[in-house]
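Reader: Hi, could you walk me through this structure, a piece at a time?
Author: Gladly, let us take the strands and then a pair of helices.

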Amino acid sequence: MFAATAACPLLRFRSLPLGCYISPSRSYRQRRPIDCIRVLAMAGSSTSAAPHRHTNRLASEHSPYLLQHAHNPVDWYPWGEEAFENARKRNVPIFLSIGYSTCHWCHVMEVESFESKEIAKMLNEWFVSIKVDREERPDVDKPLMGGTYFPPDDNYGRPGFKTVLRKVKEAWETKCEMLERGGTLAIEQLSEALSAAAKSTKLSDELAQASLKTCSQQLASSYDPKFGGFGSAPKFPRPVEVCLLLYESKKLMENGRQSEANKNMQMICNTLQCMARGGIHDHVGGGFHRYSVDECWHVPHFEKMLYDQGQVANVYLDTFSITRDTFYASITRDVLDYLRREMIGDAGEIYSAEDADSAEHHGASRKKEGAFYVWTSQEVEELLGEYANLFKDHYYIKPSGNCDLSRMSDPHNEFKGKNVLIEREDIPSMASKWGKSVDEYCHIMAECCKKLFDVRSKRPRPHLDDKVIVSWNGLAVSSFARASRILRTEPKGTKYYFPVVGCDPNEYLEVAEKAASFIRRNLYDLSTQRLQHSFRNGPSKAPGFLDDYAFLINGLLDLYEFGGKIDWLSWAIELQATQDKLFLDREGGGYYNTPGEDPSVLLRIKEDHDGAEPSGNSVAAINLIRLSSIISGASSEDYRRTAEHLLAVFEMRLKDQGIAVPLMCCAADMLAVQSRKQVVLVGDKASAEFDDMVAAVFASYDPNRTVIQIDRSSKEEMEFWENCNPDIARMAKGTVEDKQAVAHVCQDFVCSPPVTDPDALRALLDKA
């Protein structure tokens, strides 16, 4: 039952949310060795409403997750040398508990185990116990094996938590040397395997293009035509899958293979529509929950994560760009308006997550999953009066509860008599059924949702994790910046219905800029040009990781391309240089996930899996390709070579397991494109004419397009381009001065005649 882990030289027994580490007596890397540390790890925990009979070291921490455990009877330590030294001194294993503040199963583990005096006594006597917030320290949480939930006591033929602790204690006392030898060997093998080096410095163009097709075929084979999505329950919104299909669809259209593109778009549209109509979408307050426990997107795991919102908004936005269907634009706004309303601080920072659990009523001692979001039929009837039956029909609300669409929806009857809102028919069909126009029907539904929203707002709210994570803010910055221009192309007269606000899209750009500014002020050291990973009541101790740099650079490039301020591009270039310095394997290729400066983290790995979040290497590859198209000369060539070498590291993964790396497959194909399209806009950025030309550029979806905005009257901008791309500077200087906005479209070293009309620019881009 023991297996190696990538977190440190340990042996690990892993469950959800349990796991066990046992480490050898010395660090694999010989800096500041942590001799005789024995680690037992578990990923679990939660919030307690009990009086503070106990207080441990976590009370002085800033992490919401650690603070939730500050009054457990367990003698918790934060990750650090104090705990390691105590373990050495006592010669006992370390019990490492990894979780995050909005994790439902973590809460269950706290209630059942960490608030138990009996279990606390076992932990305090047999181990040194450490708590880690995995969102603050993702470098510590690298499990290689998973399992299931463990109750406190043995049950249903499965060992309970107390049994696990006894077994680990026994193993440590009787098999210590064997465990240490095995752990050391495992770390050596893992270190070699997870820091792979490229066999060459470049992928073949054939493999780059084949990986895209292979991944698309693998996704198609797992597609659920009835409910959308890929695979079976539980279903997660994995936006990188849709990203790949959108990317390939565009390529197929350009090559005249419309029928194949249509097949991709059918999978995309059905998936996004089913998600938006499902219970995974919060119809009352906006945004999406973490995942659906069933195949029909109905009953979700109710937490809301920032990294989901930003990515999901982007794929709906890109689908709108291709289809011109305002349904997808509306869902984009729904998500972004949710973030603006609930997840943004006074200084513009964007928070991490909202919990799945909350109290059913004020004064309740325990929390229940979904309590904030579910409704009884009676509540709806009392609130909505004459429109109650219409609303109940629309959202499949029943007196007995509606979590009955799948045997997976509610197997333990936790939601008996409760209803999770789900649309089983589209709005035009329902409007016709009730004899109303679509507009009238939508107005009624919006009024009803607003009433439910107002009542729901008085319920005990789920816990808000107000930690600010750089990488997740980077994802959100991208979606807000892109929406600010793409949504300018919505048809005139488009109507919006609650919870969509219907704001001027320029307001989304302000959100993106404020979030980026917060990070620059609070989590960036100008002297060292380095990031810190997160912020809550001050910067965290953890340094910025690869994801922080890559995701933020991506967001800054979008801020520049869609918003036009040169400062964001300059900062992106600065951060790219730091990323290369801290994480790049210049000999073997690719980026490590950590800076490699913390000796308590024993493995540096090159991550490639594009999961709920894309991998740092996938995003970094795309950033490098984009930068190589913006900057000229030696820097451009260096960016391109770095991207080529990075992708070569993951050659076998791209060849055999494309479905694991969809975004990296896109990056490989982007690199194989001989010349990216450049759109250079020159003029007065403050003018309405320039703004209209920017909107025209982004009226169509094109992931292989680079947009450069230049205000020729700005000395700062002209100096930047003279230093970084003299050809662009010359183009700007040669542009006629009597026009507020002029566009140059360039590809394969050839530029079209200047264009000054938005319609003409749209036509040119559609044709190019």
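This is a predicted model: local features need pLDDT of at least 70, side-chain atom pairs count only at pLDDT 80 or more; totals for chains, interfaces and linings use all residues.

Author: Residues are numbered from 1 along each chain as its sequence is written, and side-chain values use heavy atoms, with hydrogens and water left out.
Reader: Which way does β20 run relative to β19, parallel or antiparallel?
Author: Strand β20 (residues 705–710) runs parallel to β19, and 6 bridges join them; strands here are DSSP E runs of at least two residues, and helices are H or I runs of at least four, numbered from the N terminus.
Reader: And what stands opposite K677?
Author: That is R705 in β20.
Reader: Switching to helices, at what angle do α7 and α8 cross?
Author: The axes of α7 (residues 239–254) and α8 (residues 258–277) cross at roughly 155° and come within 8 Å, the axes being lines fitted to C-alpha atoms over the stretch in contact, with angles from 0 to 180 degrees between N-to-C directions. That makes α7 roughly antiparallel to α8, a label for angles over 145 degrees.
Reader: Which residues of α7 meet α8?
Author: Among them are V242, L245 and L246 in α7, and the α8 side includes A261 and I268, with contact meaning heavy atoms within 4.5 Å.

Definitions and conventions: Angles under 35 degrees count as roughly parallel, over 145 as roughly antiparallel, 65 to 115 as roughly perpendicular and the rest as oblique. Two strands pair if DSSP finds at least two bridges between them.
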